Amino acid sequence: RFSDAWRHGYLAARDLVQFLHSEHSDRGLIRDRAVTALAKIGSPAIPVLIAALAVADDQTGLGAAAALKELGPAAVPALIDAMSAGNDRVRRWATAALASKENADAALTVLIRVIEREDQPLVVMGAINALRASKNRDAEPALIAARRHQDNLVRMFAKQALEEFDS
């Protein structure tokens with residue numbers, strides 16, 4: 001029976017993910033309700049949402065990231081895998097999904113590694129925002145290092161995050 005419930009959730013998620021697309025952004029609460037419904041489905045929605053991170057439509061990626069963020073630590077292992085295997089778009093939205101205290105703490109080493117090794121500014125800024133949400137003191141050295149990044153916005157984000165740490 002468990003596999004049947006999982007399968008039903010997975011199939012429902014596949015049908016709901018279409019409502020994250022930008023064509024639904026002008027329809028009020030449709031996208032917001034889709035995000036909430038996908039988060040309520042739970043773990044069966046995770047593979048569908050991870051795949052949605054790669055869709056070229058930014059609204060779909062943003063919606064999938066929001067649903068994964070709501071799923072909390074249950075989604076973190078899949079997000080960590082996506083960070084290592086995904087393209088720039090997937091990594092960008094995966095860092096956005098990690099931007100909560102619980103998620104960022106669970107993925108702390110990955111987020112620090114992103115700041116230390118990644119060149120793509122949007123991905124680095126997403127990691128900085130996630131670490132900012134965690135307020136984990138172990139992230140401070142990586143945020144200090146990000147102040148020397150080649151991109152001005154990355155440096156600004158790192159500075160703002162460090163100001164919030166008040167150290």
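**View 1. Contacts of Ile80 in the predicted model.** Ile80 touches Ala106, Ala107 and Val110, leaving aside residues up to four places away in sequence. The model is predicted. Ile80 belongs to helix 5, which spans residues 76–85. Its relative accessible area is 24%, so Ile80 counts as partly exposed. The cut-off for buried is under 20%. Lys69 sits 11 residues from Ile80 along the chain, and 13 Å separates the C-alpha atoms of Ile80 and Lys69.

**View 2. Packing of helix 5 on helix 6.** The axes of helix 5 and helix 6 are 8 Å apart and form an angle of about 150°. Helix 5 is therefore roughly antiparallel to helix 6; the cut-off for that label is over 145 degrees. The crossing of helix 5 past helix 6 is left-handed. Helix 5 contributes Leu79, Ala82 and Met83 to the contact. From helix 6 come Val90, Arg91, Ala94, Thr95 and Ala97. By class, 6 residues of this contact are nonpolar, 1 is polar and 1 is charged.

**View 3. Packing of helix 6 on helix 9.** Helix 6 covers residues 88–97 and helix 9 covers residues 121–134. Their axes come within 8 Å and cross at roughly 15°. Helix 6 and helix 9 are therefore roughly parallel to each other, as angles under 35 degrees get that label. Helix 6 passes helix 9 in a left-handed crossing. On the helix 6 side, the contact holds Asp88, Arg91, Arg92 and Thr95. On the helix 9 side, Leu122, Val123, Gly126, Ala127 and Ala130 meet them. The contact divides into 4 nonpolar, 2 polar and 3 charged residues.

View 4. A search of the whole structure finds 1 aromatic pair. Trp6 and Tyr10 form this pair, and their rings are stacked. The ring centres lie 5.5 Å apart, with 10° between the planes. Stacked requires planes under 30 degrees apart, and a pair requires centres within 6.5 Å. Trp6 and Tyr10 are 4 residues apart in helix 1 (residues 2–16), so about one helical turn separates them. Trp6 has a relative accessible area of 32% and is partly exposed. Tyr10 is partly exposed too, at 26% relative accessibility.

Technical notes: Residues numbered from 1 in each chain as written. Predicted model: local features only at pLDDT ≥ 70, side-chain atom pairs only at ≥ 80, totals over all residues. Heavy atoms only, no water. Phe/Tyr/Trp six-rings, centres within 6.5 Å; stacked < 30°, edge-to-face > 60°. Helix = DSSP H or I, 4+ residues; strand = E, 2+ residues; numbered from the N terminus. Buried < 20%, exposed > 50% of the residue type's maximum accessible area, 1.4 Å probe, protein only. Axes fitted to C-alpha atoms, helices over the stretch in contact; angles between N-to-C directions. Parallel < 35°, antiparallel > 145°, perpendicular 65-115°, else oblique. Left-handed = near helix turned anticlockwise from the far one by under 90°. Contact = heavy atoms within 4.5 Å. Nonpolar A, V, L, I, M, F, W, Y, C, P; charged D, E, K, R; others polar.
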